[in-house]
Amino acid sequence: MKVLFVSSEASPWMASGGLGDVAGSLPIALRKRLIGCRVVMPLYDSITQEYTDKMQFITSISVPVSWRRQYCGIFEAKLNGVVFYFLDNQYYFKRDGIYGHFDDAERFAFFSRAVLEIIPAIDWRPDIIHCNDWQSALTPLYYSCYYASQMGYENIKTVFTIHNIQYQGKYGNELLEDVLGIAPEYYDLIKYDGLVNFMKAGIECANKVTTVSPTYAKEILDPWYSHGLDQILNQRSWKLCGILNGIDTDSYNPETDKALWANFNADDFSGKAVNKEELQKMMGLSVKPDTPVIGIVSRLVGHKGMDLMREVLEKSLWERDVQYVVLGSGEWQYESYFRELHNKYPDKVGLRLGFVPDLARKIYAGADLFLMPSKSEPCGLSQMIALRYGTVPIVRETGGLKDSITDSGDGEGNGFTFKTYDAYDMLGAIYRGIDAYNNKDYWKILVERALRCDMSWGKSANEYIKMYKSLLK
Ligand code: GLC
């Protein structure tokens, strides 16, 4: 079986979030299980030289973008047994960053079409084309409308995975013919609520639609979570399923991670205390081994639960002996909230505004508890990374958080959870976490249990393989 995995980002080449992590690790897990899997992504200008040095030019083709044809260079590199293709067009991709340009619709329509055009040129015909999020959601549409009956393209199946339904690629109808090159008879496949909607096209045209946790697959059928797409998803629910993400357990390994001050594992986690002490020093907190440190590594935006934090974190500092370490950036209102909290309690609240992967790892390893009270969370990777480093998650029961974390109230779980999106319910879970921390013998059991959780791709990679096979029957 051959799977072409299509993504607008993939770690370590270029990543801005969870999609990049998944595209950088699931294909490796599939390859290890002897599935032919290759990845294709745009060649961004901001990919660092360390990585562009690994790439080799193969050939160039031209790709139709409506009535124009655009140059597309194809580069290739191999990493951890997986072949990655990089599609070059300087007009579209020689820009700062990945997203956020005025013509993103055209840039990713080009990318989605180029993915199909390169197939004869790379001489590798996939059985499955697996697209991810709105940036590659037009590939299934182009395939079914313009390629399925062309020689060399017959019987390819397409899969579309929703990593976050909030970002759909919605644009005005004026793009349809001139930019996207879609003929009027196909408008219904991409129009939704009077607009062009890339994600809707993926849902409509792919043979299978998946999302990144079983609970999120159910949630997005409900208007509270669906950002308007529940109607089409309910109509197509027969082809929708959820498969929980894994994490790259080689990269996130407390035994070998070079970002840590001391390495540790489930058999001997004394090194965790060293990381905690150094983290407290580095973040300017009072160095107290017996005060629980709660880590927060997140975009500082509303749907990650920042509004709940703003309501009660200060109260918790008054009522309990606890410290917070916060890393992230986002909306101004939450950045300034954390800045104020840090200024008021500098020995209790450590803050770094920004995206600092090395510090993130130090927090995962050095904190005792990890707070992630998202309003919605398709899968969430941070809670899994936290577990991998023996840091016990406090989460709201939604999406992948619900599928990966169970409350330890019954003596079996691996974290602390709450149901309703309510600041005081969250505070209750935080306090249960702090109380558990203060019971030293119980806490050791919890940390060891966290360290022994299997967060690898193993089980989920097998589920993807089963799903691919079901399409090829
Ligand atoms: C998106 C989601 C996140 C998920 C990630 C990878 O970033 O918001 O929950 O873990 O994609 O699938």
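**Entry 1. Ligand site**

I began at the ligand and found one of its oxygen atoms 2.6 Å from an N or O atom in the side chain of H163. I count this as a polar contact, meaning a pair of N or O atoms within 3.5 Å; within protein, one atom must be able to donate a hydrogen and the other to accept it, and residues adjacent in sequence count only if both atoms are side-chain atoms. The protein covers 90% of the 310 Å² of accessible area that the ligand has on its own. Accessible areas come from the Shrake-Rupley method with a 1.4 Å probe, and for residues only the protein chains shown count as cover.

I note that the model is predicted: local features need pLDDT of at least 70, side-chain atom pairs count only at pLDDT 80 or more, and totals for chains, interfaces and linings use all residues. Residues are numbered from 1 along each chain as its sequence is written, and side-chain values use heavy atoms, with hydrogens and water left out.

I then looked for backbone partners of the ligand. A backbone N or O atom of G380 lies 2.8 Å from a ligand oxygen atom, and a backbone N or O atom of C379 lies 3.0 Å from a ligand oxygen atom.

I listed the residues surrounding the ligand: G18, L19, V22, H163, N164, V212, N245, E377, P378, C379, G380 and L381. A residue is near a molecule if one of its heavy atoms lies within 4 Å of it. By class, this shell has six nonpolar, five polar and one charged residues. Here Ala, Val, Leu, Ile, Met, Phe, Trp, Tyr, Cys and Pro count as nonpolar, Asp, Glu, Lys and Arg as charged, and the others, Gly among them, as polar.

**Entry 2. P378**

Helices (H or I, at least four residues) and strands (E, at least two) are DSSP runs, numbered from the N terminus. P378 counts as buried because its relative accessibility is 5%. Buried means under 20% relative accessible area, exposed over 50%, and partly exposed in between (1.4 Å probe, protein chains only).

Leaving out residues up to four places away in sequence, I found P378 touching H163, N164, V212, S213, Y216, G399 and G400. Contact means heavy atoms within 4.5 Å.

**Entry 3. S112**

I next examined S112, which sits in helix α4 and is buried, with a relative accessible area of 0%. The side chain of S112 reaches the backbone oxygen of F108 at 2.8 Å. A polar atom of the S112 side chain also lies 3.1 Å from the backbone oxygen of Q135. Setting aside residues up to four places away in sequence, S112 touches Q135, S136, A137, L138, T139 and Y142.

I checked the length of helix α12 (residues 271-282): its twelve residues should span 16 Å at 1.5 Å a residue, and its end C-alpha atoms are 17 Å apart, which agrees. The expected span is 1.5 Å times one less than the number of residues. In α12, I found G271, K272, N275, K276, L279 and Q280 buried. An α-helix has 3.6 residues a turn, so residues three or four places apart point the same way. The buried residues of α12 pack against β13 (293-297), β14, α15 (357-366), α18 (423-437) and α19 (440-452). Just after α12, G284 takes a positive phi of about 75°.

Helix α14 (residues 332-344) has 13 residues and reaches 18 Å from its first C-alpha to its last, close to the 18 Å expected. Its buried residues are Y334, E335, S336, Y337, F338 and L341. They pack against α13 (306-319), β14 (323-328) and β15 (349-353).

I also looked up A360, which lies in helix α15 and is buried at a relative accessible area of 10%. A360 touches V297 and L327, not counting residues up to four places away in sequence.

**Entry 4. Backbone details**

I found a cis peptide bond between S11 and P12, with omega about 0°. P12 lies in the loop between β1 (2-6) and α1 (18-32).

I noted D123, a residue other than glycine, with a positive phi near 55°. D123 lies in the loop between α4 (104-122) and β6 (128-132) and counts as exposed because its relative accessibility is 68%.

N155, also not a glycine, has a positive phi near 60°. N155 is found in the loop between α5 (138-147) and β7 (157-162), and its 62% relative accessibility makes it exposed.
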